[in-house]
Amino acid sequence: MIVALLLGRKGSIGFPGKNTFPIMGKPLAWYPMNIAKRTREIDKVYLSTDDPELKSLAIAEGVEVIDRPPHLATKEALGEHAYQHGFSVIQERNPGETIELVVLLFCNAATLTSDTISNGIKQLRENKDADSAVTVSKYNMWSPLRARKKDSDGFLQPFVPFETFGDPKTLNCDRDSQGDVLFADMGVSIVRPNNLLHLEEGMLPQKWMGQKILPLYQEAGCDVDYEWQIPVVEWWLKKYGEFR
């Protein structure tokens, strides 16, 4: 049995109402919900939320709702713990079932396709050593080599010491100089149940991915945290989406 679990809470500081913001005539959360429903390998789809609007959307789309506890719906709460809670509820609702994989999604992440999920499931079935398969996008312009932070005197300094990347004399401003910089773009994380049962063993910052993570490559994927990202998602959906 393979299940999908979406997360989406009501509160958002950077972009209030982002999960239900209309994109191409549909709420943002509609897209990951329906991608999960269209993925042939997924048997059941669940949504963990505290948002009445998201609950109504899920019910209308045939997605089963899990009530997200208040302590997991604050801005301080970590998504990994909400996923862990949601998975425990799924186990309770499916006694006697063996859950092979869990497809983890976010209501604010629409840049994915059912083929990508199917490909990730296939890779995990073929590679038993892998803990997860996750979507990644290449963002060389955001190489950690370029990152800065303000020091106590108000001046910019390297966020990561240059020595971390090797001999500073060999470094340069070319954005591709360190090789491809891959970011988990939050489109999807397909994980083994053990990852959620033993979060403490996972790699930071998204512990639910475990330690051995397979990449699922795509272009310009992102989860929406700010309103300026909406045009990017619209562009992506028009170019790659299944609901064009």
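Ala220 sits in the loop between strand 11 and helix 6, where strands and helices are DSSP runs numbered from the N terminus, a helix being H or I with at least four residues and a strand E with at least two. Ala220 is not a glycine, yet its phi is positive, about 55°. With 17% relative accessibility, Ala220 counts as buried; the classes are buried under 20% relative accessible area, exposed over 50%, and partly exposed in between, with a 1.4 Å probe and protein chains only.

A word on the source. This is a predicted model, in which local features need pLDDT of at least 70 and side-chain atom pairs count only at pLDDT 80 or more, while totals for chains, interfaces and linings use all residues. Residues are numbered from 1 along each chain as its sequence is written, and side-chain values use heavy atoms, with hydrogens and water left out.

Met186 also has a positive phi without being a glycine, near 70°. Met186 belongs to strand 10 and, at 11% relative accessibility, is buried. On the backbone there is also a cis peptide bond between Leu204 and Pro205, with omega about 0°. Pro205 is in the loop between helix 5 (193-197) and strand 11.

Next, the pockets. A pocket is found on a 1 Å grid over the protein atoms alone, as an open set of points with protein on both sides within 12 Å along at least five of seven lines, and lining residues have an atom within 4 Å of a point. Volume is the space filled by probe spheres set on the points, which are joined across faces, edges and corners.

The largest pocket comes to about 690 Å³. It is lined by 25 residues, and the closest to its centre are Arg9, Lys18, Phe106, Asp223 and Asp225. Strand 1 (2-8) and helix 3 (79-93) each give at least two residues to that lining.

The second largest pocket has a volume of about 390 Å³. Of its 15 lining residues, Trp142, Gly221, Cys222, Asp223 and Gln229 are the closest to the centre. Which strand gives the most to this lining? Strand 10, residues 182-191, with four residues.

Back to the loop we began with. Tyr226 lies in the loop between strand 11 (213-218) and helix 6 (230-240), and is partly exposed at a relative accessible area of 44%. Together with Trp228, Val232 and Trp235, Tyr226 forms a nonpolar surface patch of about 440 Å² accessible area. Patch members have over 30% relative accessible area and no salt bridge; like charges are joined within 9 Å, and nonpolar side chains (Val, Leu, Ile, Met, Phe, Trp, Tyr) within 5 Å. The areas come from the Shrake-Rupley method with a 1.4 Å probe, and for residues only the protein chains shown count as cover.

Last, the salt bridges. How many does the structure hold? Eleven, each a side-chain nitrogen of Lys or Arg within 4 Å of a carboxyl oxygen of Asp or Glu.

Glu100 pairs with Arg125, with the closest N and O atoms 2.9 Å apart. This pair links distant parts of the chain, 25 residues apart: Glu100 in the loop between helix 3 and strand 6 (101-106), Arg125 in helix 4 (residues 114-126). Glu100 is partly exposed at 31%, as is Arg125 at 39%.

Lys138 and Asp180 form another, at 4.0 Å. Lys138 is in strand 7 (residues 132-138) and Asp180 in the loop between strand 9 (156-158) and strand 10, so the bridge ties together parts 42 residues apart in sequence.

Technical notes
1 Å grid on protein atoms, 1.4 Å probe; cavity = no way out; pocket = protein on both sides within 12 Å on 5 of 7 lines; lining within 4 Å.
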